[in-house]
Amino acid sequence: MHPAEAPPTEGLLGHPAPTVEPATVIPLVPPVPETRGLLAPEPEPEAEPRREPAPEAARPARRRSVAEDTLTPEEWRAAGYAPPTGTPIPELTAGAPGEAPWPDRMRTLLRTPMSERPAFERTARELHPSAAATRNVPRILDLTLRIGELLLASGEAAEDVEAAMLGIAHAYRLDHCEPQVTFTLIGISHQPSLVEPPITADRVVRRRTSDYTRLNAVYELVADITAEKVTVNDAYRRLAVIRRNRHPYPSWMLALTTGLLAGAATFLVGGRIDDKAWLVFASAFVAAVLGDRLASMLARRRLPEFYQFVAAAMPAAASGIVLSFNDWGLRGSVVITGGLFALLPGRALVAAVQDGLTGFYITAAARLLEVIYLVAGIVIGVMLILYLGVGFEAKLRPDESLAGVSYPPVQLAAAMLLTLAFATLLQTDRRSLALVTLNSGIGWASYGVLAYNAGFSPIVATGVAAGLVGLFGQLMARYRNGSALPYVTAAIGPLMPGSALYLGMLSFAQGHSSAGLVSVSRAAAIAMALAIGVNLGGEIARLFMKLPVGGERPSLYPVVPRRAAKRTRGF
């Protein structure tokens, strides 16, 4: 069916297709047929007065257009482009902007090859050359890159960053765009047609910040842009306001919150409240605050983040060694484990595994290498102190930090307090703190039931609990129309393998290499199960959400399936 005869279609963008009213006439401009291909056919010359048709033999040969002289429609499709007449896609659903969250709409469009992506329906006025000239393509691409930079620097998955960039470009009528995201470099290319040179722009991400309040503000901006509520100039103004906004919590509060996180972790791994527990809590609190200040001092001296983690891990280890030099039964190993909970990079781990599962292997490898370096810095800082302590015959007892779920009410409250402190460190919006804490309670309670009541392996129990955290985090994000990271990253804090990692380091320090390898491997398996569970929970949530890929259409039109992740085989 020719596009001029086909009923107007609505694409994955979620926009109702504009229609051409018969009464709308542009003076001195011939009507242009609606097309959806990369290269529109040349306009026909102005009609002459009607004459009697000449005999077939006497008619001169009509000169074909450039598109007709080059490739046939089949050859256009084989080359990966839509033919000049457009590709009718009547099976796409209708829907006004906002029917589904923009990550779902744009992720589905992103996983569609460019030759099959539906473009906007164009009216004759929009197809006029003057309308195209009013679009400042470099400015739109620059806005797209700046928003993508903020999303990637906040720890968002590479697929969601590309989806946001694609949605912004489509909202401003740049149909043929291809975004590309790696760990430090983001780019986007726009090719107006096959005979015009492409416009490509890049931007380097040099600094990463953990500010989930800013991340949600960027999400709201992208949602308004994809709903066509914001012009380019207004989007620039809002983006400037977002970048200028200060963090919601002052630095002194973040330092105290770091100590609160480590102190809550001592109740989580120690499992009980007694007359000695509060002294252990105070020791972990002071050590964590001191480690945070040391790391901040090194950061101001422009030292790499690796050395910052080495310095931040030392005070907690030293405090645990000091507490072990007595016969009072003070749990020094619990202090060391609590300090590890305050340092383990859960955000980077989840992002690395999510990028790997969705097909962004270069970005996933880079993020995983970042996690390895940060964990190595923590291990080196703790091991230096442990070697000194073992040399002076410190009485470290690793079983003190392996109490399990012996006191469920105490440990559940400690897990939720740990999550609250972690969410504050990530600059989460105050309105979201309650939901994050609730999600953490669900995850920790599920882990306790599976690991200690049902007898499941800790690795399996961690994966299932993380899946629930990811599922409810995705639902909370849809309820608040924001990113799922604020509701997931802090909620998995109590499930991090701090005890297993500490046990492995202590075994190495005491000369038990085999036991140390087993414990470190167990910690790595728990971390992997944690990240995979979070990603799987989010994917399960999307399975039950309404996606704009099917609708009230006649049975002869097939439904567009939700495609597999980018660069996979598709089934």
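A: The model is predicted. Let us start with the term pocket: it is an open set of grid points with protein on both sides within 12 Å along at least five of seven lines. A volume is then the space filled by probe spheres set on the points.

Q: How much space lies in the largest pocket here?

A: The largest pocket holds about 1,900 Å³ of space.

Q: Which residues lie nearest the centre of the largest pocket, and how many line it?

A: The lining comprises 45 residues. Those nearest the centre are Arg208, Ser210, Asp292, Glu305 and Gln308. Two or more lining residues come from each of helices H10 (251-270), H11 (277-300), H12 (305-324), H13 (332-341), H14 (346-357), H15 (361-391) and H16 (408-425). H11 gives the largest share, with 8 residues.

Q: What is the lining of the largest pocket by class?

A: There are 23 nonpolar residues in this lining, together with 11 polar and 11 charged ones.

Q: Let us turn to salt bridges. How many does the structure hold?

A: The cut-off is a side-chain nitrogen of Lys or Arg within 4 Å of a carboxyl oxygen of Asp or Glu. The structure holds 8 salt bridges. One of them joins the side chains of Arg146 and Asp142, at 2.8 Å from N to O.

Q: How are Arg146 and Asp142 placed in helix H6?

A: Both belong to helix H6 (residues 137-153), and because they are 4 residues apart there, about one helical turn separates them. Arg146 is partly exposed, at 28% relative accessible area, and Asp142 is also partly exposed, at 23%.

Q: Which parts of the chain does the pair of Glu149 and Arg203 tie together?

A: Glu149 and Arg203 form a salt bridge through their side chains, at 2.6 Å from N to O. Glu149 lies in helix H6 and Arg203 in strand E3 (residues 199-204), so the pair ties together parts that are 54 residues apart in sequence.

Q: Is Glu149 buried or exposed?

A: Buried means under 20% relative accessible area. Glu149 has 14% and therefore counts as buried, whereas Arg203, with 22%, is partly exposed.

Q: Where in the chain do Arg238 and Asp224 lie?

A: The side chains of Arg238 and Asp224 meet in a salt bridge of 2.8 Å, N to O. Arg238 is in helix H9 (residues 232-244) and Asp224 in helix H8 (residues 212-226), so that distant parts of the chain, 14 residues apart, are linked. Arg238 is partly exposed at 29% relative accessibility, and Asp224 is partly exposed at 21%.

Conventions
Residues are numbered from 1 along each chain as its sequence is written. This is a predicted model: local features need pLDDT of at least 70, side-chain atom pairs count only at pLDDT 80 or more; totals for chains, interfaces and linings use all residues. Side-chain values use heavy atoms; hydrogens and water are left out. Buried means under 20% relative accessible area, exposed over 50%, partly exposed in between (1.4 Å probe, protein chains only). On a 1 Å grid over the protein atoms alone, a cavity is a set of points where a 1.4 Å probe fits but cannot get out, and a pocket is an open set with protein on both sides within 12 Å along at least five of seven lines; lining residues have an atom within 4 Å of a point. Ala, Val, Leu, Ile, Met, Phe, Trp, Tyr, Cys and Pro count as nonpolar, Asp, Glu, Lys and Arg as charged, and the others, Gly among them, as polar.
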